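Biologist: Let's go through this one together, a question at a time. Can you put it on the screen?

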Amino acid sequence: MRVISTHFGDPLQRRLGTYVERGGYEALKKAFSMGPDEVVETVKASGLRGRGGAGFPTGVKWSFMPKEATKPHYLLCNADESEPGTFKDRELMRWDPHQLIEGCLIAAYAIRAKHAYIYCRGEFFETNQVVARAVEDAYEKGYAGEDIFGSGNDIAVTVHQGAGAYICGEETGLMNSLEGRRGEPRVKPPFPAAVGVFGMPSTINNVETLAAVPHIVNNGEEWYRQWGTESSPGTKLFCVSGHINKPGNYELPLGFPLSELIDDVCGGIRNGNGLKAVIPGGSSVAILNSEEARRCRLDYEGCIDVGTMLGCASVIVMDDTTDIVKQVRRMVDFYAHESCGQCTPCREGSAWAAQIMKRIEIGEGTVGDLDTLMEVTEQMVGTTICVLSDSVAPPVQSSIQKFRADYLALISEQESAGAT
């Protein structure tokens, strides 16, 4: 069901002229005629939820901004897509940059911001150039900048490229980086809507979230609610990777069965192998075993029902040849490497978890290491400024609970060798 991914693979869509011919920027014109509060209410009524992982209602988030712009307001587009297994925002920017720009302009207008920043992941060299060129074209033709469409509305758009730090995908870490400071998360409160970037009221939205906004404004909230569920309306991009015949980005209604995504949409498990495990929302959520995956519904509530989270909808499929211990160790290594080091439970906990996982993987672990991993990761949850520390716990704990035999096989081999 293509809404925001309609033009994936079409390089002509990058051109401003093509985008306008296909109805682009009409939603921005309509938004200007509606007024900021009406735009906020339309998005709120649509039920659009943040597509960056948390799933917080977008319109509600916008409504937290002060109604009177006595101070400068800022919109920040989080395009620092860094979660392992996620590759949707990059494609939205690569193929349809003006869709994102239009979404940024509408959102900025709705929250009474005069400046929108698009914070891009540092490694997206080609994609960032595509977006920067699209912004230049929008300025040249009067679709961004001063007095847009002669409406009297001034909204600047700036593309800012990060340096490749995962932690800058966290909204307050992003703000620090944008200000030229060390990319470390901030303590909240104060929340960004009160004290954000440059100390001013700010709202941060994900690329996919903002890409959906022009379609909602153009077609209305009921049109958007024709897909998905009551609590999770609309469509969602699912990034499918791993041991699957047809990996890629698929736009589907929220609530779509995970089993149908694997078997029908993606053509099943490669080489005819069996399904062992699935991570439905990127590496920071709990792993599902095959039975749980078969009954999982891909929306925010459906994933919680089977003990995991939808997250960024980064579906990583693992067949029955997968070394679960190795894959979880790689995830933990990633988080240990990307920790900013500001919080002790994250800095020390992720490093210790990585060391223990490596010891088990190479056959030098003990059964007691499994209890230590569970204890260490439990102490990392809810004890730090941001949720990077929390991200280590789900893959470690769920893998030990559901695939304990994989760990014990490595431990048993070592204990047998020691006895010999």
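Biologist: How do α14 and α15 run, roughly parallel or roughly antiparallel to each other?

Modeller: Quick caveat: it's a predicted model, where local features need pLDDT of at least 70, side-chain atom pairs count only at pLDDT 80 or more, and totals for chains, interfaces and linings use all residues. Residues are numbered from 1 along each chain as its sequence is written, and side-chain values use heavy atoms, with hydrogens and water left out. Helix α14 (residues 324–338) packs on helix α15 (residues 344–361) at about 155°, axes 9 Å apart; axes are lines fitted to C-alpha atoms, for helices over the stretch in contact, and angles run from 0 to 180 degrees between N-to-C directions. Angles under 35 degrees count as roughly parallel, over 145 as roughly antiparallel, 65 to 115 as roughly perpendicular and the rest as oblique, so this pair is roughly antiparallel.

Biologist: How many nonpolar residues does the contact of α14 with α15 have?

Modeller: Contact means heavy atoms within 4.5 Å. On α14 the residues include Val325, Val328 and Val332, and on α15 they include Ala351, Ala354 and Met357. By class (Ala, Val, Leu, Ile, Met, Phe, Trp, Tyr, Cys and Pro are nonpolar, Asp, Glu, Lys and Arg charged, and the others, Gly among them, polar), there are 5 charged residues, 1 polar and, for your count, nonpolar 10.

Biologist: And α15 with α17, roughly parallel or roughly antiparallel?

Modeller: α17 covers residues 388–402, and its axis lies 9 Å from that of α15 at an angle of about 30°. Therefore α15 and α17 are roughly parallel.

Biologist: Which residues of α17 does α15 meet?

Modeller: From α15, the contact uses Pro345, Cys346, Ser350 and Ala353. By class it has 5 nonpolar, 2 polar and no charged residues. The α17 partners are Leu388, Ser389 and Val392.

Biologist: Moving to strands, what is the bridge partner of Thr235 in β6?

Modeller: β5 (residues 235–242) and β6 (residues 248–253) run antiparallel, joined by 6 bridges; two strands pair if DSSP finds at least two bridges between them. Thr235's partner is Pro253.

Key
Helix = DSSP H or I, 4+ residues; strand = E, 2+ residues; numbered from the N terminus.
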